[in-house]
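Hello,

Here is the structure I promised to pass on. My notes follow below it.

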Amino acid sequence: MTIAFVFPGQGAQTIGMGKALAEAYPAAKAVFDEVDAALGEALSQLIWEGDIDTLTLTQNAQPALMATSLAAMRALEAEGVSIDKAAFVAGHSLGEYSALAAAGAISVADTARLLRTRGQAMQSAVPVGEGAMAAILGLDLEAVRAVAEEAAQGEVCQAANDNDPTQVVVSGAKAAVERAAEIAKEKGAKRAVMLPVSAPFHCALMQPAADVMAEALADVAITSPAVPLIANVRADAVTDPDEIRKLLVEQVTGSVRWRESVQSMAAKGVTEFWEIGAGKALSGMIRKIDRNLTSRQVGTAEDVTAITAG
């Protein structure tokens, strides 16, 4: 059995996530303390006792989800499961930063600061209300790309997340995305759902945020990860620090090629995926990508106990 550790992206956040881990494992609590110190605020208090709308703000959700994933990773390590149990790491959008931190390529403190900057930059790149995203269900990537091209009409409209064979997300100017949703239904999509997001992520409108991240990443130490990263925008393995830096910048405007990333890991022999952190969205996608693959969630103290006992 060959295992990959995968790390969730935005949307998985819940109030209380990681609290039981922090109570059960001092090493997990230390992650939240380190993130709080790096940001100069009690983000952990927001995560455990705050308001979901505030937690869901991009600038909060991104470091919060990373902290929860790294807390789960530290709990695994406390039970004797180290990062080298995985053949690869990968993450969905912001989860790519969690994956790199888990693999030792970027410090937890630097990752927290980068994600706070990333969240703020992505939020401010497009005025609120001018961008949108929609999940197209029941059409494959090529069909959705054709829909996006037809819907653009001179505006930005792109396939942003290729999540699984049944779900591709489009992102861009609000009117263009709304047109794409209608065209997709006309082309046979089962559903087209406008997403409750505050900005149009992973499309050309995010170029101002990519510029901010290029500057921020230039000042951060990145080393080779302990295990290879399957990068979002390449859907293949990367270990070179300079290449990782470049791909993290490209990722802001580029598509999250999650379906291909999972297929790439499967082709390299991965048979089981451990979803490290909050929620189980990635596990659901993985099942739709390849029914022969198995997945397990590692987001609570009980999950850690169960997976290490087995």
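**Helix α6**

Helix α6 (residues 95-102) has 8 of its 8 residues buried, so it is largely enclosed by the rest of the structure. Keep in mind throughout that this is a predicted model. The buried residues of α6 are G95, E96, Y97, S98, A99, L100, A101 and A102. Just after α6 comes G104, with a positive phi of about 80 degrees.

**Helix α9**

Next, α9. Helix α9 covers residues 174-186, which is 13 residues. At 1.5 Å a residue it should span 18 Å, and its end C-alpha atoms are 19 Å apart, so the two values agree.

Now the burial. In α9, the buried residues are A176, V177, A180, A181, I183 and A184. What covers them includes one helix, α8 (141-152). The cover also includes the strands β3 (131-137), β4 (157-164), β5 (167-173) and β6 (191-194). After α9 comes G188, where phi is positive, near 105 degrees.

Most residues other than glycine have a negative phi. Two residues here are worth a look on that score.

Q153 has a positive phi, near 50 degrees, and is not a glycine. Q153 sits in the loop between α8 and β4. Is Q153 buried or exposed? Its relative accessible area is 58%, over the 50% cut-off, so Q153 is exposed.

A235 is not a glycine either, yet its phi is positive, about 60 degrees. Its place is the loop between β7 (229-230) and β8 (237-238). A235 has a relative accessibility of 8%, so it counts as buried. The cut-off for buried is under 20%.

**Aromatic pairs**

How many aromatic pairs does the structure hold? There are 2.

One is F5 with W274. Their ring centres are 5.3 Å apart and their planes lie at 20 degrees, so this pair is stacked. F5 belongs to strand β1 (residues 3-7) and W274 to strand β9 (residues 272-276), so the pair ties together parts 269 residues apart in sequence. Both F5 and W274 are buried.

The other is F32 with W48. Here the ring centres are 4.8 Å apart and the planes are at 65 degrees, so the pair is edge-to-face. F32 is in helix α2 (residues 26-39) and W48 is in helix α3 (residues 43-49), so this pair ties together parts that are 16 residues apart in sequence. F32 is buried, at 1% relative accessible area. W48 is buried too, at 16%.

**α2 against α5**

F32 also takes part in a helix contact. How do α2 and α5 cross? The axes of α2 and helix α5 (residues 58-78) come within 7 Å and cross at roughly 150 degrees. That makes α2 roughly antiparallel to α5, because the angle is over 145 degrees. The crossing of α2 past α5 is right-handed.

From α2, the contact is made by A27, A28, V31, F32, V35 and L39. From α5, the residues in contact are P63, M66, A67, T68, L70, A71 and R74.

Best wishes

Notes. Residues are numbered from 1 along each chain as its sequence is written. This is a predicted model: local features need pLDDT of at least 70, side-chain atom pairs count only at pLDDT 80 or more; totals for chains, interfaces and linings use all residues. Side-chain values use heavy atoms; hydrogens and water are left out. Helices (H or I, at least four residues) and strands (E, at least two) are DSSP runs, numbered from the N terminus. The expected span of a helix is 1.5 Å times one less than its number of residues. Buried means under 20% relative accessible area, exposed over 50%, partly exposed in between (1.4 Å probe, protein chains only). Contact means heavy atoms within 4.5 Å. Rings of Phe, Tyr and Trp (its six-membered ring) pair if their centres lie within 6.5 Å; planes under 30 degrees apart count as stacked, over 60 as edge-to-face and the rest as tilted. Axes are lines fitted to C-alpha atoms, for helices over the stretch in contact, and angles run from 0 to 180 degrees between N-to-C directions. Angles under 35 degrees count as roughly parallel, over 145 as roughly antiparallel, 65 to 115 as roughly perpendicular and the rest as oblique. A crossing is left-handed if the near helix is turned anticlockwise from the far one by less than a right angle, and right-handed if clockwise.
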